[in-house]
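Thanks for coming. Please have a look at it first.

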Amino acid sequence: MLTLCVRNVLFTRFPSQSSSDALQLTVRPCSSSRGQEEDLHQARTLLRLCVDRYFLSPGEANMELFRRGMSCRYGPLGTELRRNLLEQWWHSVSRTTAQVFGINTLSSSSGDTATGAPRKLNIVENEHIKQILEDKELSKDLLIQKIQMLLQRSPTGRTSCLQGALEQFVPSLELVNRKLPFGLAETGLCFQPSGGSGCPGEVTRASLVWFCSARTSSQWLDHWTRQRLKWWRKFALSPSDFSSSDVPGEELEKAASRGVRIIYSFPWGEETLETLWNRGDAELLRTHGGDRSKLQCRDGRKSVPHVISVSANVDRGALAFLSNSLQMLKKEDSRQRLQQRKVLKLHPVLAPVKVALDIGRGASVELRQVCEGLLKEFMEAKISTWPGYLETSAGQLNAKYDEMGVLFTMVVNENTLESGLLQVRSRDTTVRETMHISEIKTFLSRYVTAADNV
């Protein structure tokens with residue numbers, strides 16, 4: 001089936017199917033209706049919290065895009081979370097093995113492609129389609145012919161980063177002196193096939209294409225599967241929610257001999273975060289016109305390399321870590337009333353905001369100057385900081401920051417002006433400690449670094 005993307009106005013789909021902007025949540029089968037209700041409540045709470053605490057822009061349609069693992073309109077905290085996740089993914093594939101090189105390829109290409117790659121998505125201008133459809137003198141056959149000609153001239157949007165890496169293989173050989181193994185990594189937006197709805201969306205992809213000898217390809221697939229699962233679990237509050245499973249034979253991609261999925265168990269069911277394929281050499285040969293001589297590399301003997309592809313859905317990964325980190329804790333307030341405390345216990349490396357600065361009661365001008373000095377110092381040290389102001393009670397501020405996933409809250413008050421001491425509250429323990437202002441930056445940097453090295 002050919003999917004057509006029309007810029008600016010509409011997606012034309014064949015066959016036509018209706019779609020809804022309303023947020024639809026279905027939960028996985030559960031042993032009891034009470035368990036289903038709890039899962040559904042947690043899912044709705046998570047998505048609403050993402051909007052209320054600046055991870056997502058408002059709107060049911062936007063929330064549904066995010067829930068489906070699609071690129072959406074992120075808020076300031078969601079943008080920072082995704083950026084942190086992309087950065088950690090990149091480091092994880094480039095630091096573990098020396099021979100991984102970054103590339104940047106086009107998200108769309110000319111419709112007249114010489115590689116023979118399958119074309120899944122054609123992008124055309126809305127006005128061109130309108131002109132053809134509004135021509136009343138065209139017969140049905142001529143209408144189809146004109147649309148086909150338009151599609152042949154139109155660019156194609158990529159649905160993965162694989163093809164770009166295959167095309168960059170030959171130019172990259174000089175970097176490695178034709179020695180295997182090595183990899184090409186890239187991150188960027190890709191189109192997500194519509195899955196029958198006729199309306200494709202965008203997904204933030206992180207891709208590693210690994211070139212190795214045929215005799216070691218199976219071992220490399222196992223190696224990268226272990227590495228990738230270990231990486232996802234490293235940042236998880238509940239690592240057991242992340243798992244891996246082999247792709248069933250009937251679901252294998254055409255060129256692949258084996259596939260593995262990294263899976264997260266959401267309240268509404270299991271979703272794939274990352275997919276690994278052992279793709280053999282057929283796609284590489286097709287991309288370069290079957291010319292084996294220019295593709296041959298050395299790994300004990302000369303041969304055309306086999307391809308291992310690793311592709312992660314970063315948008316769904318961000319949702320997985322938000323879901324995994326959300327805790328609903330019950331506590332008693334000062335009047336012994338039972339209250340529920342929502343906390344996003346995001347890993348310190350991924351947390352969009354490391355510290356919130358607040359002002360206590362006292363000389364507001366001087367206290368504000370201290371906060372501004374600390375804010376500048378933190379920004380220079382690349383410590384993400386929320387410049388909060390004491391507009392409500394401390395308890396309400398703490399609740400807000402817990403839902404934002406802020407690691408520490410620091411309150412500057414009159415005591416700070418006199419002795420240099422300020423109060424530091426931990427998100428994870430809620431314990432308040434007194435610390436000297438000169439120690440804060442070093443403390444925060446060491447805390448995040450220690451968490452990254454675990």
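A word on terms before anything else: a residue is called buried under 20% relative accessible area, exposed over 50%, and partly exposed in between, with a 1.4 Å probe and protein chains only. What you see is a predicted model, where local features need pLDDT of at least 70 and side-chain atom pairs count only at pLDDT 80 or more, while totals for chains, interfaces and linings use all residues. Residues are numbered from 1 along each chain as its sequence is written, and side-chain values use heavy atoms, with hydrogens and water left out.

Leu 350 counts as buried, at 0% relative accessibility. What is Leu 350 in contact with, leaving aside its neighbours within four places in sequence? Contact means heavy atoms within 4.5 Å, and the partners are Leu 81, Asn 84, Leu 85, Gln 88, Phe 235 and Phe 321. Leu 81 is 269 residues away from Leu 350 along the chain, yet their C-alpha atoms are separated by 6.0 Å.

Two of those partners bring us to the aromatic rings. Rings of Phe, Tyr and Trp (its six-membered ring) pair if their centres lie within 6.5 Å; planes under 30 degrees apart count as stacked, over 60 as edge-to-face and the rest as tilted. By that rule there are 19 aromatic pairs. One of them joins Phe 235 and Phe 321, edge-to-face, at 6.2 Å centre to centre and with 90° between the planes. Phe 235 lies in the loop between α8 (217-234) and β9 (242-246) and Phe 321 in helix α10 (residues 314-325), so this pair ties together parts that are 86 residues apart in sequence. Phe 235 is buried at 4% relative accessibility, and Phe 321 is buried at 2%.

Another edge-to-face pair is Tyr 264 with Phe 266, the ring centres 4.7 Å apart and the planes at 80°. Tyr 264 is buried at 2% relative accessibility and Phe 266 at 1%. Both pairs belong to one aromatic cluster, made up of Trp 231, Trp 232, Phe 235, Phe 242, Tyr 264, Phe 266, Trp 268 and Phe 321. There is also a charge to note at Trp 268: the charged end of Arg 67 sits over its ring, 5.5 Å from the centre. For that label, NZ of Lys or CZ of Arg must be within 6 Å of the ring centre and within 35 degrees of the ring normal.

Now the strands. Strand β14 (residues 306-313) is mostly covered, with seven of its eight residues buried. Which strands pair with β14? Two strands pair if DSSP finds at least two bridges between them. Strand β8 (residues 201-212) pairs with β14 in the antiparallel sense over eight bridges, and Leu 208 has Val 310 as its bridge partner there. Strand β11 (residues 269-280) also pairs with β14 in the antiparallel sense, over six bridges, and Gly 280 stands opposite Val 307.

Next, some backbone details. Leu 180 and Pro 181 are joined by a cis peptide bond, with omega about 0°. Pro 181 is in the loop between α7 (169-172) and β7 (182-192), and that loop also holds Asn 177. Asn 177 has a positive phi, near 55°, in a residue other than glycine, and is exposed, with a relative accessible area of 54%. Tyr 54 has a positive phi too, about 75°, although it is not a glycine. Tyr 54 is in the loop between α1 (33-52) and α2 (60-67) and counts as partly exposed, at 29%.

On confidence, pLDDT is the predictor's confidence in each residue, from 0 to 100. The mean is 85, and 84% of residues reach 70 or more. Over residues 1-22 pLDDT is below 50, though this stretch has 48 contacts in the model beyond near neighbours in sequence. Residues 111-116 also stay under 50, with eleven contacts beyond four places in sequence.

Conventions:
Helices (H or I, at least four residues) and strands (E, at least two) are DSSP runs, numbered from the N terminus.
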